[in-house]
Amino acid sequence: MTTKEIFEILEEELYLTVRDFEIEEDRIFWKDAFGTEIEIDKYSTAINNQGVFAWWQNNEVGHELIRIKINRDIIINWRPPINTMGQPSSGGHLQFFENFLVTLYFDKHGQRLFIFNINTLKAEEIITKGFTKKVKLNGNELFIKDSFENEFIKVSIYPDRLEREEIDEAYMNSRNIKFD
């Protein structure tokens with residue numbers, strides 16, 4: 001899906017709740033009732049193969065919001081746990097695997113990774129030792145490389161559970177898994 005198509009979906013949704021917003025090539029932004037700027041970046045959107053659409057609303061005072069449009073009439077608002085001491089987070093990478101939304105963002109503690117199940121409305125944080133992570137979603141397997149610790153984790157995503165497994169670089173090489 002192109003950025004233009006994604007922004008067209010968002011534009012339809014925003015007309016229902018926001019009076020005055022601007023659309024640029026790579027972002028949509030507006031000010032809330034308190035004068036705080038809110039932004040949706042083209043890289044902070046995701047859609048699954050059933051048409052469920054998600055976007056990260058970045059807020060300049062740290063009140064981030066992930067919105068998930070399930071269907072025409074239902075939107076879920078999820079406030080991921082963020083501690084940025086009143087500053088915006090750095091991130092908002094979103095990616096779907098079926099009905100699971102993978103989100104990666106920075107706060108003052110480092111890079112945080114959550115898997116949100118849109119069926120059960122439960123979020124699970126995948127905790128690693130290091131400060132930054134690289135992720136690669138390959139089918140139902142989420143591969144995580146902890147950049148400083150050189151730790152590798154594989155999270156298998158199943159409809160009813162997540163399974164975490166520590167792996168090594170040899171395993172990654174044998175599966176030919178590369179991080180972009």
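1. Helix H1 buries part of its surface. In this predicted model, the buried residues of H1 are Ile6, Phe7, Leu10, Glu13 and Leu14. An α-helix has 3.6 residues a turn, so residues three or four places apart point the same way. Glu13 is one of the buried set.

2. The length of H1 checks out. The helix covers residues 3-17, 15 residues in total. At 1.5 Å a residue it should span 21 Å, and its end C-alpha atoms are 21 Å apart, which agrees.

3. Next, the aromatic rings. There are five aromatic pairs. One of them joins Trp56 and Tyr105. Their ring centres lie 5.3 Å apart, with 45 degrees between the planes, and the pair is tilted. Trp56 sits in strand E5 (residues 53-59) and Tyr105 in strand E9 (residues 100-107), so this pair ties together parts that are 49 residues apart in sequence. Trp56 and Tyr105 are buried.

4. A second pair to look at is Trp78 with Phe114. The ring centres are 6.0 Å apart and the planes stand at 75 degrees, so the pair is edge-to-face. Trp78 belongs to strand E7 (residues 75-78) and Phe114 to strand E10, so parts 36 residues apart in sequence are tied together. Both Trp78 and Phe114 are buried. Ring pairs also build a cluster, made of Trp56, Trp78, Tyr105, Phe114 and Phe116.

5. Lys133 deserves a careful look. This residue lies in strand E12 (residues 133-138). Lys133 is buried, yet it has no salt bridge. The nearest side chain of opposite charge is that of Asp146, 5.3 Å away. A salt bridge would need the charged atoms within 4 Å.

6. What does the side chain of Lys133 meet instead? A polar atom of that side chain lies 2.5 Å from the backbone oxygen of Gln111. The side chains of Lys133 and Thr128 are joined by a polar contact of 3.2 Å. Beyond its neighbours within four places in sequence, Lys133 is in contact with Leu104, Gln111, Leu113, Ile126, Thr128, Ile144, Lys145 and Ser147.

7. Most residues other than glycine have a negative phi. Leu121 has a positive phi, near 60 degrees. Leu121 is placed in the loop between strand E10 (110-117) and strand E11 (122-125). Asn176 also has a positive phi, near 60 degrees. Asn176 is found in the segment after helix H2 (169-174). Is Asn176 buried or exposed? At 55% relative accessibility, Asn176 counts as exposed.

Key
Residues are numbered from 1 along each chain as its sequence is written. This is a predicted model: local features need pLDDT of at least 70, side-chain atom pairs count only at pLDDT 80 or more; totals for chains, interfaces and linings use all residues. Side-chain values use heavy atoms; hydrogens and water are left out. Helices (H or I, at least four residues) and strands (E, at least two) are DSSP runs, numbered from the N terminus. Buried means under 20% relative accessible area, exposed over 50%, partly exposed in between (1.4 Å probe, protein chains only). Lys and Arg count as positive and Asp and Glu as negative; His and the chain ends are not counted. A polar contact is a pair of N or O atoms within 3.5 Å; within protein, one must be able to donate a hydrogen and the other to accept it, and residues adjacent in sequence count only if both atoms are side-chain atoms. Contact means heavy atoms within 4.5 Å. The expected span of a helix is 1.5 Å times one less than its number of residues. Rings of Phe, Tyr and Trp (its six-membered ring) pair if their centres lie within 6.5 Å; planes under 30 degrees apart count as stacked, over 60 as edge-to-face and the rest as tilted.
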